[in-house]
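Take a look at the chain below. We will walk through it one contact at a time.

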Amino acid sequence: MKKTFTQKTVTPLMLSLVLAVSACSSTPVTTSTLDQARSDYTAAQNGAVAQHAPNEFKAATEALNAANTAAANREDLSKVDQLASLAKTKIATAQEVARTRLAESSLSSSKQEQERVRLQARTAEAEAARRNAEQAQRDAEAAKARAEQATAATRDAQAQTQALAAQLAELQAKQTERGMVVTLGDVLFNTDQAVLTSGGMSTVQKLANILRENPDRTVLVEGFTDSTGSTAHNLELSQRRAEAVRAALAQMGVERNRVETRGYGEAYPVAGNNTAGDRQLNRRVEIVLSEAGKPIQARR
C-alpha cells in the first residue's frame, strides 16, 4: 500500500526531505522563492519566533507546508512559487510580531526595573530621614541634659562660693593678691610657746572645715615673731607655731600634703616693735588660702 503525506502530519523539514529524495530521481520541484522561504523559516525557528508569536508562527508553518506539499506533488511551479511567497510573507509577519512583542516585553521589564529602583531610592531616603530625625532628637536631648548639668553646676558653685565667703568672713579673712589670708594672733598661742590655745584650736577647726569642703584648695601657714629675742630663737619659734597649725589641721582630717609651712621669725613685721601692742601684732601666724586649683604665690 502506497503511503501519503497529510498537512497535519508533515512538517516543513519532512517535506524538504521528500523533495530532496525526489530531486535525486527526477526534475527538481523547487523554486528560489521556496528555498528562500525554507531558509527564512529556519531562521525564525532559531530566533524563538514560535515562543513570542505562536499563532503567527503556526500560520507560517501551515503556509510553508502547503508550498512544500505542492512541490512534492510536482504541481505547477507558478503555484509552488505563489504558495512559497505566501509562506515567506507569513514568516516575515511572525518574525515582526515576535520582535515587537519582545521589544514590548523588554520595555515593560525596563519600566518595572526603573520603578523598583525608584521605590528603593525613596525607601532609602525615608530611612535616612528617619535616622537623621532620631539623631537630631538624641542630640537635642543630650544638649538639654548638658545645659541642665551646667546650670546645676553653676548653682552649686555659686552656693559653695557664698558658703565659703561666709566662713571666711567669720574668720575675718582678708583678700590679698596671694589669696585669702586668715591671721592667728599671738593670743591664740601660749606665751613663747608653739601650743595653740582653745581659742586657737577653734579657729583652726573652722579653717579645717573650709579645707574639707573645698578639696581643690591648699594653704600656706607662715609664722612670725616680734624682734624680741635672738634671730635664731625667733625663726625656730615661728616655724614651730606654723607646724603646730599644720599638725592641728592634720588631726582634723586635712591631708598634710595640702599644707605647707614657713617660719620667718621677726621678718615681715606688720607694726613697729617699740610698744607692747605693736610687738603683739607682729607675733602672729598667717594662713594663706589658695584660689581653687591654683598655687599660692611666693611672698615678696
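Which helix does Arg241 lie in? Arg241 belongs to helix 7. Keep in mind that this is a predicted model. Is Arg241 buried or exposed? Its relative accessible area is 2%. That is under the 20% limit, so Arg241 counts as buried.

Side chains of opposite charge can pair when their charged atoms come close. Arg246 is buried at 18% relative accessible area, while Glu243 is partly exposed at 27%.

Glu134 is partly exposed, at 34% relative accessibility. Arg130 is partly exposed as well, with 39%.

Now for a pair that reaches across the sequence. Glu222 and Arg299 meet in a salt bridge, 2.7 Å from N to O. Glu222 lies in strand 3, residues 219-224, and Arg299 in the segment after strand 5, residues 284-289. The pair therefore ties together parts that are 77 residues apart in sequence. Glu222 is buried, with 0% relative accessibility. Arg299 is partly exposed, at 22%.

How many salt bridges does a search of the whole structure find? The search finds 19. Elsewhere, salt bridges that share partners join Arg178, Glu222, Arg284, Glu286 and Arg299 into one network.

Next comes helix 6. This helix runs over residues 198-213 and has 16 residues. From its first C-alpha to its last it reaches 23 Å, close to the 22 Å expected at 1.5 Å a residue. Which of its residues are buried? They are Gly200, Thr203, Val204, Leu207, Ala208, Ile210 and Leu211. Look down the axis of helix 6: the buried residues fall within an arc of 160 degrees, so they line one face of the helix. What do they pack against? Their neighbours are helix 5, strand 2 (179-185), strand 3, helix 7 and strand 5.

Last, the aromatic rings. A pair of aromatic rings is described by the distance of the centres and the angle of the planes. The structure has 4 aromatic pairs. In one of them, Phe224 and Tyr268 have ring centres 6.4 Å apart and planes at 85 degrees, so the pair is edge-to-face. Phe224 lies in strand 3, and Tyr268 in the loop between strand 4 (259-263) and helix 8 (276-282). This pair thus ties together parts that are 44 residues apart in sequence. Phe224 is buried at 1% relative accessibility, whereas Tyr268 is partly exposed at 33%. Tyr268 also pairs with Tyr264: the centres are 5.2 Å apart and the planes stand at 90 degrees, so this pair is edge-to-face. Phe224, Tyr264 and Tyr268 form one aromatic cluster.

Technical notes. Residues numbered from 1 in each chain as written. Predicted model: local features only at pLDDT ≥ 70, side-chain atom pairs only at ≥ 80, totals over all residues. Heavy atoms only, no water. Salt bridge = Lys/Arg side-chain N within 4 Å of Asp/Glu carboxyl O. Buried < 20%, exposed > 50% of the residue type's maximum accessible area, 1.4 Å probe, protein only. Helix = DSSP H or I, 4+ residues; strand = E, 2+ residues; numbered from the N terminus. Expected span 1.5 Å × (residues − 1). Arc of directions from axis to C-beta. Contact = heavy atoms within 4.5 Å. Phe/Tyr/Trp six-rings, centres within 6.5 Å; stacked < 30°, edge-to-face > 60°.
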